Amino acid sequence: MISKQQAAGQLTELEVLVKKKRVLIIYASNHGQTRVITDVIARELRARGFEVNSRSALDGSKLPPPGDFDLVVFGSRIQFGHHASPIIAYLHEYAATLRTMPTAFFSVSMAAANGGADPNGYLDATFTSLGWRPTATVAFAGALPYRQYNWVLRFVMKQIAKSAGHATDTTRDHSFTDWNDVRGFAAELATLARHERSHAS
Ligand SMILES: Cc1cc2nc3c(=O)[nH]c(=O)nc-3n(C[C@H](O)[C@H](O)[C@H](O)COP(=O)(O)O)c2cc1C
């Protein structure tokens with residue numbers, strides 16, 4: 001026969017066991033593709049039983065600190081060769097905590113449409129200057145939503161796309177993201193989030 005106190009204690013342990021793992025996704029998207037990728041990752045993780053909090057780094061709101069989460073995922077578009085500065089600022093501000101827990105970073109660019117693990121070295125440049133690397137990194141091809149651009153940007157992006165051999169029909173939007181890769185990355189994240197905290201190098 002167990003006492004009421006023991007039963008209460010066991011219930012707390014049970015609650016911890018069944019407590020959903022929490023994932024924070026912080027993303028930076030100017031024209032929507034990184035946000036859509038974030039949504040797909042969040043949906044995949046929720047379907048696997050995770051609690052997901054996805055937050056834009058560009059809307060000016062205060063971002064939650066990483067400590068309450070089992071995994072923190074960052075997703076940033078590339079513009080003019082750089083990931084978004086609010087994401088970089090967060091990586092610096094919380095480096096001490098982030099280094100001790102599972103983290104992941106996905107980079108979204110047009111350079112990634114040509115393949116390769118780190119097109120143009122965008123990931124390497126970011127993490128070399130930061131001094132630490134997330135547990136998992138990946139580069140996804142982004143999009144050319146010509147219809148969203150003003151005429152100057154449409155003209156400039158068309159010239160860049162032409163020289164890179166990408167789509168130049170500005171009457172429609174073009175997506176180059178491989179959604180199977182995105183879902184595969186989400187599956188990798190699920191494995192990462194299930195792991196206990198460990199000290200990263
Ligand atoms: C103003 C601007 C600058 C860009 N600069 C780069 C770049 O330097 N390298 C690159 O590979 N892609 C570049 N891109 C392509 C974007 O990374 C791509 O369109 C991505 O899908 C944008 O993500 P978002 O829709 O979430 O903002 C640029 C796009 C824009 C609009």
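A residue counts as buried if 20 or more other C-beta atoms lie within 10 Å of its own, as exposed if 12 or fewer do, and as partly exposed in between, with C-beta atoms placed from the backbone. By that definition, six of the seven residues of strand 1 (residues 22–28) are buried, so strand 1 is largely enclosed by the rest of the structure. The model is predicted: local features need pLDDT of at least 70, side-chain atom pairs count only at pLDDT 80 or more, and totals for chains, interfaces and linings use all residues. Residues are numbered from 1 along each chain as its sequence is written.

**Overall layout**

The chain has seven helices and seven strands. Helices (H or I, at least four residues) and strands (E, at least two) are DSSP runs, numbered from the N terminus. Along the sequence the pattern reads α-β-α-β-β-α-α-β-α-β-β-α-β-α. The chain has 201 residues, and buried residues make up 30% of them. Two residues are in contact if their C-beta atoms, placed from the backbone, lie within 7 Å. Of the contacts in the chain with a separation of 6 or more, 78% join residues 24 or more positions apart.

**Parallel strand pairs**

Two strands pair if DSSP finds at least two bridges between them. The pairs below are given with their sense and number of bridges.

| Strand pair | Sense | Bridges | Residues opposite each other |
|---|---|---|---|
| Strand 1 and strand 3 (71–77) | parallel | six bridges | Ile25 and Val73 |
| Strand 3 and strand 4 (residues 103–109) | parallel | six bridges | Ser76 and Ser107 |
| Strand 4 and strand 5 (residues 136–141) | parallel | six bridges | Ser109 and Ala141 |

From strand 1 the chain crosses through helix 2 to strand 2, and this β-α-β crossover is right-handed. A crossover is right-handed if, with the strands pointing away from the viewer, the path from the first strand over the helix to the second runs clockwise. Strand 4, helix 5 (residues 122–130) and strand 5 also make a right-handed β-α-β unit.

**Strand 4**

Seven of the seven residues of strand 4 are buried, so strand 4 is largely enclosed by the rest of the structure. In a regular strand the side chains alternate between the two faces of the sheet. Thr103, Phe105, Ser107 and Ser109 point one way from strand 4. Ala104, Phe106 and Val108 point the other way, and all of these residues are buried.

Ser107 is found in strand 4. Ser107 is buried, with 24 other C-beta atoms within 10 Å. Leaving aside neighbours within four places in sequence, Ser107 is in contact with Ser76, Ile78, His83, Tyr122, Leu123 and Ala139. Ser107 and Ala28 are 79 residues apart in sequence, and their C-alpha atoms are 9.8 Å apart in space.

**Helix 5**

The buried residues of helix 5 are Tyr122, Leu123 and Thr126. Seen down the axis of helix 5, these buried residues fall within an arc of 100°, so they line one face of the helix. The arc is that of the directions from the helix axis to the C-beta atoms. An α-helix has 3.6 residues a turn, so residues three or four places apart point the same way. The buried residues of helix 5 pack against helix 3 (85–93), strand 4 and strand 5. Gly131 follows helix 5 and has a positive phi, near 90°.

**Positive phi in loops**

Phe80 is not a glycine, yet its phi is positive, about 50°. Phe80 is found in the loop between strand 3 and helix 3. Phe80 is exposed, with 4 other C-beta atoms within 10 Å. Asn120 is not a glycine either, and its phi is positive, about 60°. Asn120 is in the loop between strand 4 and helix 5. Asn120 is partly exposed, with 17 other C-beta atoms within 10 Å.

A residue is near a molecule or strand if its C-beta atom, placed from the backbone, lies within 6 Å of it. Of the 19 residues around the ligand, Ser29, Thr34, Arg77, Ala111 and Gly142 come nearest. Helix 2 (33–47), strand 4 and strand 6 (143–144) are the elements that give two or more residues to this shell. The shell residues divide into eight nonpolar, 10 polar and one charged. Here Ala, Val, Leu, Ile, Met, Phe, Trp, Tyr, Cys and Pro count as nonpolar, Asp, Glu, Lys and Arg as charged, and the others, Gly among them, as polar.
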